[in-house]
Amino acid sequence: MQENKGFKSGFVTIVGRPNVGKSTFLNNVIGQKIAIMSDKPQTTRNKVQGVYTTDDSQMIFIDTPGIHKPKHKLGEFMLKVSKNALREVEAIMFMVNATQKLGAGDKFIMEMLEGTKTPVFLVVNKIDAVHPDELFQIIESYKDEFEFAEIIPISALQGNNVQQLLDTLKKYLPEGPQYYPADQVTDHPERFIIAELIREKVLHLTRDEVPHSIAVEIEKIAKDEEKDLVRINASIIVERDSQKGIVIGKRGALLKEIGTRARKDIETLLGSKVYLELWVKVQKDWRDRASQLRDYGYRDDEY
């Protein structure tokens, strides 16, 4: 851990309803894909830490699962991850979608934040999709509900006002150490990100009944020096036999497409050629089994 005089550092948690653009923001700021993106809610299941470093500061962003009412043990785990991420941070970014009116989900989050001494930023995302007049009304409706330290409208996708948000966040950071090397963008091991990239492709390519039943287990990562490539064996876990058929597709076509798309992203991540071998396995009701949640990376002291 490096000590620099005058250097500012700290942790920033991003919370919000599912699908407000938290992962898009994180990937935009970090400059590469570390959080998976999907138009399906509840894409992020574990907290993803993104590290943003400049000459005089370092911000560690914690992207949390979209906050929602849990329906199974996995849902309970995701809510717990989000609540835990509110502790001991320098600022909280409460991100909302400018195209959606203030709803019960937003009020639930603001109730969770009630009483916190940590500065809460209202970050209104997707401003590129609304008229400026509508934006004013949206901001006013949130101001009536909660006292925010700062209110900043942005477009995470297009980058509008993102630098202004970063500059404002920096003012709230204390002087502190550089926790991570300047070229490190996440604290997650490559194995975790590889699994997430594969899961993202399944989310993009499958129908509604499949996405939330998916987990990905990396069985093996090995460097093949002779062929100068990385060999990866991974299993896509589903809950029912019918879902297995969907993920494999007709004559294996869908599984092949998942593999092709995932391999491209993994090669970018690793900076190396990749041979990716995928299987599909059925583990009935894995989302309600504590031991399997742990096996697939959803670890919590209470499970």
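Predicted model: local features only at pLDDT ≥ 70, side-chain atom pairs only at ≥ 80, totals over all residues.
Residues are numbered from 1 along each chain as its sequence is written, and side-chain values use heavy atoms, with hydrogens and water left out.

Back to Lys126. You will find Lys126 in the loop between S5 and helix H4 (132-143); helices (H or I, at least four residues) and strands (E, at least two) are DSSP runs, numbered from the N terminus. Lys126 is not a glycine, and yet its phi is positive, near 70°. Most residues other than glycine have a negative phi. Arg251 also has a positive phi, about 55°, without being a glycine. Arg251 sits in the loop between helix H7 (241-248) and helix H8 (253-270), and at 86% relative accessibility it counts as exposed.

Now the overall picture. The protein chain has nine helices and nine strands, and 51% of its 303 residues count as buried.

Next, helix H1, residues 22-30. Seven of its nine residues are buried, so H1 is largely enclosed by the rest of the structure. Among them are Phe25, Leu26 and Val29. After H1 comes Gly31, with a positive phi near 90°.

How does H1 pack against H5? The angle is about 85° and the axes are 11 Å apart, where axes are lines fitted to C-alpha atoms, for helices over the stretch in contact, and angles run from 0 to 180 degrees between N-to-C directions. That makes H1 roughly perpendicular to H5; the word covers 65 to 115 degrees, while under 35 is roughly parallel, over 145 roughly antiparallel and the rest oblique. From H1, the contact uses Phe25, Asn28 and Val29, and from H5 it uses Val162, Leu165 and Leu166, contact meaning heavy atoms within 4.5 Å.

On to the aromatics. Searching the whole structure gives six aromatic pairs. Rings of Phe, Tyr and Trp (its six-membered ring) pair if their centres lie within 6.5 Å; planes under 30 degrees apart are stacked, over 60 edge-to-face and the rest tilted. Phe121 and Tyr172 have ring centres 5.1 Å apart and planes at 70°, so this pair is edge-to-face. Phe121 is in strand S5 (residues 120-125) and Tyr172 in the loop between helix H5 (162-171) and helix H6 (190-205), so the pair ties together parts 51 residues apart in sequence. Phe121 is buried at 0% relative accessibility, whereas Tyr172 is partly exposed at 28%.

Phe146 and Phe148 make a tilted pair, 4.9 Å centre to centre with 45° between the planes, and both are buried. Together with Phe94 and Tyr142, they form one aromatic cluster.

One last stop is the H5–H6 loop, where Asp183 lies. Is Asp183 buried or exposed? Asp183 is exposed, at 70% relative accessible area. Its C-alpha atom is 9.1 Å from that of Tyr52, 131 residues apart along the chain.

Technical notes
Buried < 20%, exposed > 50% of the residue type's maximum accessible area, 1.4 Å probe, protein only.
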